[in-house]
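Look through the sequence and the model below.

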Amino acid sequence: MEEIKQPSSTIPRLGMPAPQFEAVTTHGTLRLSDFKGTWLILFSHPADFTPVCTTEFIGFSKIHPDLQKMNCELMGLSIDSVYSHIAWVRNIQEKLGVKITFPVIADLNKEVASLYGMVMPGESKTETSRCVFVIDDKQI
């Protein structure tokens, strides 16, 4: 049986400050600090243009206005490029009639994914796992 090594990064713990980052997104360059004072749901998906990820994005898009009323924003992440994200978001709108209104991080170098422990050894070295982090208005 192959031994699974622990990732070099650890998953952030409850009650601890969220790891700060700056990343290129479908809405331009954003930083976690841009969301201070607002709750944030940061979630990852394995790959653009896949059926399950598409349904997840549609589901998040449908609840996004309600989350905003509760002072909460959404941000997606995968290691696909910003060009892939933009094409996928456009495809969702054109083919399925759903506009994705939240930013999606293009984490090609896996910096943000590593900070949040989103790449799981033994699962994939090239895709982020499905992860969800709820970050409060104080960035905890």
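Contact here means heavy atoms within 4.5 Å. The model is a predicted one.

**A residue in a loop**

D48 sits in the loop that runs between β3 (39-44) and α1 (51-69). Is D48 buried or exposed? Its relative accessibility is 7%, so D48 counts as buried, because buried means under 20% relative accessible area. Setting aside neighbours within four places in sequence, D48 is in contact with S78, D80, S81, S84, H85 and W88.

| Side chain | Partner side chain | Distance |
|---|---|---|
| D48 | H45 | 2.8 Å |
| D48 | S84 | 2.9 Å |

**Two nonpolar cores**

The largest nonpolar core has 19 residues. Which of them touch the most other members? They are F21, L42, M75, I105, Y116 and M118. Two or more residues of this core come from each of β3, β4 (72-78), α3 (111-115) and β6 (131-135). The largest share belongs to β6, with three residues.

A second, separate core holds 16 residues, among them F60, L74, V89 and F102.

**A pocket**

The second largest pocket holds about 180 Å³ of space. Its lining includes P12, R13, Y116, F133 and I140. What classes make up this lining? There are 10 nonpolar residues, one polar and one charged.

Note on methods
Residues numbered from 1 in each chain as written. Predicted model: local features only at pLDDT ≥ 70, side-chain atom pairs only at ≥ 80, totals over all residues. Heavy atoms only, no water. 1 Å grid on protein atoms, 1.4 Å probe; cavity = no way out; pocket = protein on both sides within 12 Å on 5 of 7 lines; lining within 4 Å. Points joined across faces, edges and corners; volume = space filled by probe spheres on them. Nonpolar A, V, L, I, M, F, W, Y, C, P; charged D, E, K, R; others polar. Helix = DSSP H or I, 4+ residues; strand = E, 2+ residues; numbered from the N terminus. Buried < 20%, exposed > 50% of the residue type's maximum accessible area, 1.4 Å probe, protein only. Polar contact = N/O pair within 3.5 Å; in protein donor to acceptor, adjacent residues only side chain to side chain. Core = buried A, V, L, I, M, F, W, Y, C linked by side-chain atoms within 4.5 Å.
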